[in-house]
Amino acid sequence: SAGDFASEMQPTNVKQKSVVAVYYLREIVGLSAISVDHVYTYFKAAGWPVPADVPNTLQQAGTEGWLDTADSQAILITTSGENLIEHQLSKKASK
């Protein structure tokens, strides 16, 4: 579930949480086009406080190089974002 994946990843800030959301929606759920509304819904499902400005949070994650937010109706995760999830955050969970 969204909550299980969220607790497994243990992101430490809202930018990382937004990357977790996009990764989950794309890789686990299989959505081809992820919107701001999808990310909002994931935050709710994960039991996380929703950022006051979700689009801005996503753009900040984009500035980190983790997301491509050029199209707010089709947010993409970058290779750096995948690496964050698969190699940095998931390792923390296994320690």
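This is a predicted model: local features need pLDDT of at least 70, side-chain atom pairs count only at pLDDT 80 or more; totals for chains, interfaces and linings use all residues.

Q: Fine. At what angle do α3 and α4 pack, and how far apart are their axes?
A: The angle is about 95°, and the axes are 10 Å apart. Angles of 65 to 115 degrees count as roughly perpendicular, so α3 is roughly perpendicular to α4.

Q: Which residues make that contact?
A: From α3, V36, V39 and Y40. From α4, V54, P55 and L58.

Q: And α2 with α4: what angle there?
A: About 90°, with the axes 9 Å apart. These two helices are therefore roughly perpendicular as well. On the α2 side the contact uses V14, K15, S18, V19 and V22. On the α4 side it uses T57, L58, Q60 and A61.

Q: S18 is a serine. Buried or exposed?
A: Buried, with a relative accessible area of 1%. The cut-off for buried is under 20%. S18 is in helix α2.

Q: Which residues does S18 touch, leaving aside neighbours within four places in sequence?
A: F43, T57, L58, A61 and L67.

Q: T57 is on that list. Where is it, and what does it touch?
A: T57 sits in helix α4. It is buried too, at 7% relative accessible area. Not counting residues up to four places away in sequence, T57 touches V14, K15, S18 and P51.

Q: Switching to charges. How many salt bridges are there?
A: The count is 1. It joins the side chains of E64 and K15, with N to O at 2.7 Å. E64 is in the loop between α4 and β1, while K15 is in helix α2, so the pair ties together parts that are 49 residues apart in sequence.

Q: Is E64 buried, exposed or in between?
A: In between. E64 is partly exposed, with a relative accessible area of 40%.

Q: Now the core. Which residues touch the most other members?
A: Y42 and I85, in a largest nonpolar core of 28 residues. The elements giving two or more residues to this core are α1, α2, α3, α4 and α5. Helix α2 gives the most, with 7 residues.

Q: Why group nonpolar residues like that?
A: In soluble globular proteins, nonpolar side chains tend to be buried together.

Q: OK, so what does Y42 contact, leaving aside neighbours within four places in sequence?
A: A2, F5, A6, V20, A21, Y24, L25 and W48.

Q: Take L25 from there. Where is it, and is it buried or exposed?
A: L25 is in helix α2. It is buried, at 9% relative accessible area. Beyond four places in sequence, L25 touches G30, L31, I34, H38, V39 and Y42.

Q: How far is L25 from W66?
A: Their C-alpha atoms are separated by 15 Å. Along the chain, L25 and W66 are 41 residues apart.

Q: Loops next. What about D71, where is it?
A: D71 is in the loop between β1 and β2. It is partly exposed, with a relative accessible area of 40%. A polar atom of the D71 side chain lies 2.9 Å from the backbone nitrogen of Q73.

Q: Last one: A52. Buried or exposed?
A: Exposed, with a relative accessible area of 91%. A52 is in the loop between α3 and α4. Its C-alpha is separated by 21 Å from that of G65, which is 13 residues away along the chain.

Notes
Residues are numbered from 1 along each chain as its sequence is written. Side-chain values use heavy atoms; hydrogens and water are left out. Helices (H or I, at least four residues) and strands (E, at least two) are DSSP runs, numbered from the N terminus. Buried means under 20% relative accessible area, exposed over 50%, partly exposed in between (1.4 Å probe, protein chains only). A polar contact is a pair of N or O atoms within 3.5 Å; within protein, one must be able to donate a hydrogen and the other to accept it, and residues adjacent in sequence count only if both atoms are side-chain atoms. A salt bridge is a side-chain nitrogen of Lys or Arg within 4 Å of a carboxyl oxygen of Asp or Glu. Contact means heavy atoms within 4.5 Å. A nonpolar core is a set of buried Ala, Val, Leu, Ile, Met, Phe, Trp, Tyr and Cys residues joined through side-chain atoms within 4.5 Å. Axes are lines fitted to C-alpha atoms, for helices over the stretch in contact, and angles run from 0 to 180 degrees between N-to-C directions. Angles under 35 degrees count as roughly parallel, over 145 as roughly antiparallel, 65 to 115 as roughly perpendicular and the rest as oblique.
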